[in-house]
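Biologist: Before we discuss any labels, could you put the sequence and the structure up for us? I would like to ask what lies behind each term as we go.

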Amino acid sequence: MSSIFKTPQTNRSLSKPVFKRNTPVSPGKNVALGEGVAIATPTSDSAFAAENTGVLAGRRFGNRSNIQSQTKNAGYFKGRKNIMGFILPSVLMFIVVAGFLGSAVLMVIMNNFFVVGNTIQSQQSFNIAEAGVNYYLWHLAHNGTDYKDGQNIPTTPDPQLGYGPYVHTYVDSNATDQGTFTLWIKPQGSGSTIVNVRSIGKAKGSAITRTVEAQIGATSFASYGLLADVEFWFGDDEAANGPVFSNQGVHMDGPSSDTVSSANATYVPLPQYGGNGSTKPGVWCDTSVLSPNCNTRDKSNWLYPQTRIDFNQVSTSLCSMKKVAFANDPSTAGLASLANACSQVPTTRTAAYIPRNGSTFSRTKGYLIQLNTDGTYNLHRVSAENDRLTPYTSALTLQAVATNIAVPSSGVIFVEDNVWVRSNPTFHGRVTIAAGQLASATNAADINIADDIVYTTKNGEDAIGLVAENNILVAPYAPPANGSFNFEIDAATLAQSGSVTWPDRYKSDNTRCTRGWVNANQTFTYYGSVATRQYWTWNYQRGGSCGDAVYDNSVGRYISGIRHTATNYDYNLLYAPPPSYPITGGYSIMSWREVLTKP
């Protein structure tokens, strides 16, 4: 049996053992073959052991370097095993962490895809909801009184949302079905042109809805604080409150709180309106006025030229209101659909239609309407007027016709004659009183303000419209005769062919100037809107004595009318004009908002 012993080589890498035979080998002898290799060919196991005892001892105990080398190699292999044992858990941990990170990134990506998808669908739903509002804007422009989307259902509107729901498929310009919009239509009622439109948009294949609500209406003659077909002049002590518009031009020396507009880029003001024969801008002020300073004041809201407002269309509006009054009662409803409805002059009186007072026309004859706090009105026949007397109960010869008449559901009262109006003492509700003799080519009716006309509230719930074919006059007996007072008129007034004014002469004596009030505790407050074909004023100033005009020391002139006045625009009229009040243009979106269906 043979044995091989391998001695490690110091500082060298392990290599395959090399066997060499340099000399013949004799039986029983040991021959060393190279460094670290021994080959023996013993004759027997015992002989091999005896002969090699010394050699083994020498190699095991005498060769210290070999022992150290073996020890080093043992440590080397042990270190390799320790390193391999450390790397494996690290790799596994890295894989686990990478897996978690990859999952998180994937979740973020998928969530982003979901959010982006929802955002796109939400925006599409919003766009479709807006399309619904635009659709009904178009619909009203073609049929301003249809609040049921061309249908006849439902009969009774939802108290909150109005008529509906009306569902439309929204198809884009490529004839692709993009979703639906659902409409709810709620007219403001009482003859107003304002309609609330709620449109709910929903993109195809989406559960997301967006809701847009808009107020759609036509601008009316009540959209201005002061509107005239002629030029205006506001002195430096006269303030303009609310939007002002003139089809000619505006001499604006006083302060203004809103837009001041003119249909003309330039015009030549008349001398009575502060002109000197030279051409002026559509809106201008005198550079000599220092309070407010004409040279430094803000003129950014002076707008000219602007689109002209046609007063001729008021005649058509009066005809429309007469038809509305006819249609309100079964006894006259058949007249409303006639081609010549506005030439009809029935003698039947209803809550909405009041016929002529007699067969002949007179400026001092007609009807007195007293507007009551409970939303009703009292009606008196006026057979004579002496406007030099005061108060109205003395100035007018009255005969009671009816009391506590309910204001018609349309909110329109049409009178085929002159009208006198007062509140008793305040009025709660919405009504438009129109006066005209539309069947006559020569006569035109007036509206006379006989006493205070006051709303119960000034939050938009109450509105009074006064539309006259000719003039709207503040009667000389309307304010108290003397003492301290604040005379008040709350109304939107419109004179189709005449003026909104305090009269400078009495009807009963047109050579005599009307009375005046000049004390600081005698005031006149107008709250509402004024639209006039001709001029507008609450007082007249004269250089010399004239009838009942009163001398005012502060200005050194004689005054007819009330010296201390304040004219304020009722901004509620902008969005909620009186019933069937004449409009100045087409329908438009007056305001809109998104209705958040979720917090």
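Predicted model: local features only at pLDDT ≥ 70, side-chain atom pairs only at ≥ 80, totals over all residues.

Biologist: What makes strand β4 (residues 163-171) and strand β5 (residues 177-187) a pair, and in which sense do they run, parallel or antiparallel?

Modeller: Residues are numbered from 1 along each chain as its sequence is written, and side-chain values use heavy atoms, with hydrogens and water left out. Strands are DSSP runs of E with at least two residues, helices are runs of H or I with at least four, and both are numbered from the N terminus. Two strands pair if DSSP finds at least two bridges between them; β4 and β5 have seven bridges, in the antiparallel sense. Within this pairing Tyr-166 stands opposite Leu-183 in β5.

Biologist: What is particular about the peptide bond that joins Gly-164 and Pro-165?

Modeller: That bond is cis, with omega about 0°, and Pro-165 has its place in strand β4.

Biologist: Why are β20 (396-406) and β31 (536-537) said to stand at the edges?

Modeller: They belong to an open sheet of eight strands with mixed pairing, in the order β20-β19-β18-β22-β24-β26-β28-β31. Each of the two has a single partner strand, so one side of each is left without a neighbour in the sheet.

Biologist: Why is the pair of Tyr-135 and Tyr-136 called edge-to-face?

Modeller: Rings of Phe, Tyr and Trp (its six-membered ring) pair if their centres lie within 6.5 Å, and planes under 30 degrees apart count as stacked, over 60 as edge-to-face and the rest as tilted. By this rule the count comes to 20 aromatic pairs. For Tyr-135 and Tyr-136 the centres are 6.0 Å apart and the planes stand at 70°, so the pair is edge-to-face.

Biologist: How do you know whether Tyr-136 is buried or exposed?

Modeller: Buried means under 20% relative accessible area, exposed over 50%, and partly exposed in between, with a 1.4 Å probe and protein chains only. Tyr-136 has 0% and is therefore buried, whereas Tyr-135, at 21%, counts as partly exposed.

Biologist: Where in the chain do the partners Tyr-455 and Tyr-527 lie?

Modeller: Tyr-455 is in the loop between β24 (447-449) and β25 (463-468), and Tyr-527 is in strand β30 (residues 522-532), so that the pair links distant parts of the chain, 72 residues apart. Both of these tyrosines are buried.

Biologist: What makes you say that Lys-458 lies over the face of Tyr-527?

Modeller: A charge sits over a ring if NZ of Lys or CZ of Arg is within 6 Å of the ring centre and within 35 degrees of the ring normal. Lys-458 lies over the face of Tyr-527 at 5.6 Å from the ring centre.

Biologist: Why is Asn-404 called exposed?

Modeller: Its relative accessible area is 51%, so Asn-404 counts as exposed. Asn-404 has its place in strand β20 and, although it is not a glycine, has a positive phi of about 50°.
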